[in-house]
Amino acid sequence: MPFIPLTPAERQQMLERIGVTSTDALFEVIPAGLRYPPLDLPAGESELETGRALRGLAARNRPATELACFLGGGVYHHFIPAAVGALASRGEFLTAYTPYQPEVSQGTLQAVFEFQSLVCDLFAMDVANASMYDGATALAEAVLMAQRITRRSRVVLSGGVHPDYRAVTATYLDEAERAEFVVGAVEVRDGALREADVAALVDERAACVVVQQPSFFGTLADWTALRAACDRTGALLVMVVNPLTLGLLKPPGAWGADIAVGEGQPLGVPMSFGGPYVGLMATRQQYVRQLPGRIAGIAHDVEGRRGFVLTLRPREQDIRREKATSNICTNEALVALQVTIYLSLMGPDGLRQAAESCYQLAHYAAAQIAALPGYTVLTPEPFFHEFVVRGPRPPEEINARLLEAGILGGLPLRRLVPALADCALYCCTEMNTRAEIDALVARLRAL
Amino acid sequence: MAEVTGRQARPPGLADLRQTPEPLLSELSVADRPGLDLPRPDVPAAPLPPAALLRDSLPLPRLSEPEVVRHFTRLSQRNYAIDTVFYPLGSCTMKYNPKLNDELARLPGFAGLHPYQPEETVQGALALLAALEAALAELTGYGAVSLQPAAGAHGELTGLLIIRAHHRARGEAHRRRVLVPDSAHGTNPASAAMVGYETVTLRSDERGNVDLRALEAALGPDVAGLMITAPSTLGLFDEHMLAITEAVHAAGGLVYGDGANMNALLGVAKPAQLGIDVLHMNLHKTFSTPHGGGGPGAGALAVTAALEPYLPVPVVRRAGDRYALDYQRPQSIGPVRAFGGHFGVLVRAYAYIRRLGADGLRAVSEAAVLNANYLRVLLQEWYDVAYERPCMHEVVLSGRRQKARGVRTLDIAKRLIDYGFHPPTIYFPLVVDEALMIEPTETETKATLDAFVAAMAAIAREASDQPELLRAAPHATPVRRLDEATAARQPVLRWATPGRGHGETGA
């Protein structure tokens, strides 16, 4: 049997030592009629056969990485330097587990500490955790955290927050019964998308206000007035960010965010049909004991050597059980490592260059598309690297035609934003070339 | 294995690293160090956003690629891992992670897929998800499976949300309590609290079962259900399992199963047939996907057919030979994650199930249980075994005997490191004094098990004759015992950044 090294002779020796004649005796505690149920599963395969079967399934897909990809919406096709995968797939990182014994886990623990530090530098915030599952659940836990800190339950959200992030937050917060959501309106006015000013929606009942920068629709806003509204009312400012855009954009700490979350996928993580990804989460020093998740800190050993340990443990489920800040245990350590390696390789100049490329290519594409008869770009300036397009046909139809030319068109918004069912969200990254954009525009023109 | 003697112990590979601490990235950073280059876009430059929206500085470390590679390679050498040593963490199932699975997950036809691609471009991926769901359902006896949860605790949260939805739909929202055995993993009550339940702790009896009288006393019209781990964190299958689940159902509650210990039950028992209504499995435990130093995992959730309408959206649907993602699910609890499940992890689990097949999976559980019982009977000469029963895939010892000599389980664990083993889980479950929870898994050789026993026996002798060796262990690791108490009192949680200080957080 694969991966089971015991030989028949060894098995026999072991059974004798235990004092039973077969392993059946070790399963007598299972109720008789339920023991050894038939399994309607195929027999096992050789490595060759399993490889063949799964390669066959992979071949039935058309990956975005092999098409001209203009799809974004929270997950992005970005450049991943080769060293990221090479280092993160080392068995010493890949096959280790939770660093319960720090003396033999300094690789994992130092990498976690470096990840936390990089998130703090990128976000300009005081303290970050070792990761959450993804950006959406990080947001949900940030809102729970804000409720704990303020002892309020109402949640104000900008209409620019990713609709699926809002949906995950609603699942976690029991929006049906226990938490009131107030969501800012989004409408098309004077030929452009207008996201309502949420500062007007914030009062003393709000635990927090959640905004996203760039918004789901790609826009950028000045949050100075919102920070002032939070100061006046005691609501916490929670920002959802795309960490790659922070190569250029003002970070959440500089806006005065109390809690900042984001999806780390753009930073060196393959799209992989939805995951695994990594939730980034940071907050102010004063709130650190309310932060969920694992946190690594510096410690010194009996000989004065510097090392790293998991710390502030009474926040966590294995210590505080039902009183923990969260139930999270296994998180996204290896994906966080990929992010750490990516940022180490890119450095501040590389990250800025990547962000600027996304910006420039998207602005070029938007300008070309806006000039096409029958097409409107609804996202107003300032925007970053995504923009909403309304075309002469339903976006699903447009995308079917584009796919014939090897182009993955923008995300049709029917499911996520029903009021914009006739629109699609287009995205450009540093992986798009001018030639790809010109080909896209030519195809759109021809429709 | 090399002879280990006292302070001269040299676990393979780690000893020299004590002389060469690995600096932080921030300490390796040098101004003007060239990083990665990217091509500049060949388009007319648009003006950047207004300065008020841009950052002033980006204080990230600057390293060259050769330095980055050396830094992380050296860090990796400071870890113990399944790929290097025996790693018997109880309830974590540290089995071998097959390399084929990693290779398949990296195929561009899987890794290069955007989750929002049109369905016709991802039929192979959807087919894989459907096949994995079907296989997990068959292994466990359930009507439906969701692959959306990102980890076991995430599966618990999802399952409890489903239980809450079930009761609300029946007009029984007043069921606000969940029963949790005292041996339960901390995520169980933490998940219940996140869903808004009050937890009631049930004591275990002297044989490690849920105490039936405590259960009966706690059941009532305000109880939503019971969370049970099968086998339990004590490595024991509850001798009254059917009576327990029947009692909960009779009182109108549902049973949640924590399936972290499924490595004992593959092809041996189907949890659905034991009366468990909702079950999560840890694919990074039972199904061999790599633990990654703390994730990514995946917490597949299986439910009875009656609870299927509550599953998170979207759900994979099959119509003939076409697959689709179904978002029209009016009774769904909603999504618990954006973008679906951890597809990269799910590919690995599916490959593993194909590789093993029905007979192979049953052989996994038989060998896992055999290995654990072998350790149990050998170790009981030196250590108290917590319960006088055959165990399943893991065995819980108590360091009571050694405590009487002034040596604690912590010291035994640290001394095991000197012998080249990763320690077992310690101080869990909470119901066993000085607990030591050992799960060998089925992928270990008898020789490794014998070497582990020899080390544990040597440590037991040292506990009597040279206890100071244990208390000062480990001796030859890159760092020795760390002062975690001071670290928590004066937390330093990030490096010093130019212009932002060190981030000492004080209280």
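Q: A crossing is left-handed if the near helix is turned anticlockwise from the far one by less than a right angle, and right-handed if clockwise. Which hand has the crossing of helix 5 and helix 11 of chain A?
A: This is a predicted model: local features need pLDDT of at least 70, side-chain atom pairs count only at pLDDT 80 or more, and totals for chains, interfaces and linings use all residues. Residues are numbered from 1 along each chain as its sequence is written, while chains are lettered from A and ligands numbered from 1 in the order written. Helices (H or I, at least four residues) and strands (E, at least two) are DSSP runs, numbered from the N terminus. The crossing of helix 5 and helix 11 of chain A is left-handed.

Q: Why do helix 5 and helix 11 of chain A count as they do by angle?
A: Axes are lines fitted to C-alpha atoms, for helices over the stretch in contact, with angles from 0 to 180 degrees between N-to-C directions. The axes of helix 5 (residues 106-123) and helix 11 of chain A come within 9 Å and cross at roughly 60°. Angles under 35 degrees count as roughly parallel, over 145 as roughly antiparallel, 65 to 115 as roughly perpendicular and the rest as oblique. Helix 5 and helix 11 of chain A are therefore oblique.

Q: How many charged residues has the contact of helix 5 with helix 11 of chain A?
A: Residues are in contact if their C-beta atoms, placed from the backbone, lie within 7 Å. Phe115(A) and Leu118(A) are among those of helix 5 that meet helix 11, whose residues there include Leu337(A) and Leu343(A). Ala, Val, Leu, Ile, Met, Phe, Trp, Tyr, Cys and Pro count as nonpolar, Asp, Glu, Lys and Arg as charged, and the others, Gly among them, as polar. By class there are nine nonpolar, two polar and, charged, one.

Q: Which helix gives the most to the side of chain A that touches chain B?
A: The contact takes 170 residues from chain A and 168 residues from chain B. The chain A side has 87 nonpolar, 46 polar and 37 charged residues. With 21 residues, the most is given by helix 11 (residues 333-370) of chain A.

Q: Which residue stands opposite Phe387(A)?
A: Strand 14 (residues 386-390) of chain A pairs with strand 17 (residues 423-427) of chain A in the antiparallel sense over five bridges. In strand 17 of chain A, the residue opposite Phe387(A) is Tyr426(A).

Notes
Two residues are in contact if their C-beta atoms, placed from the backbone, lie within 7 Å. Two strands pair if DSSP finds at least two bridges between them.
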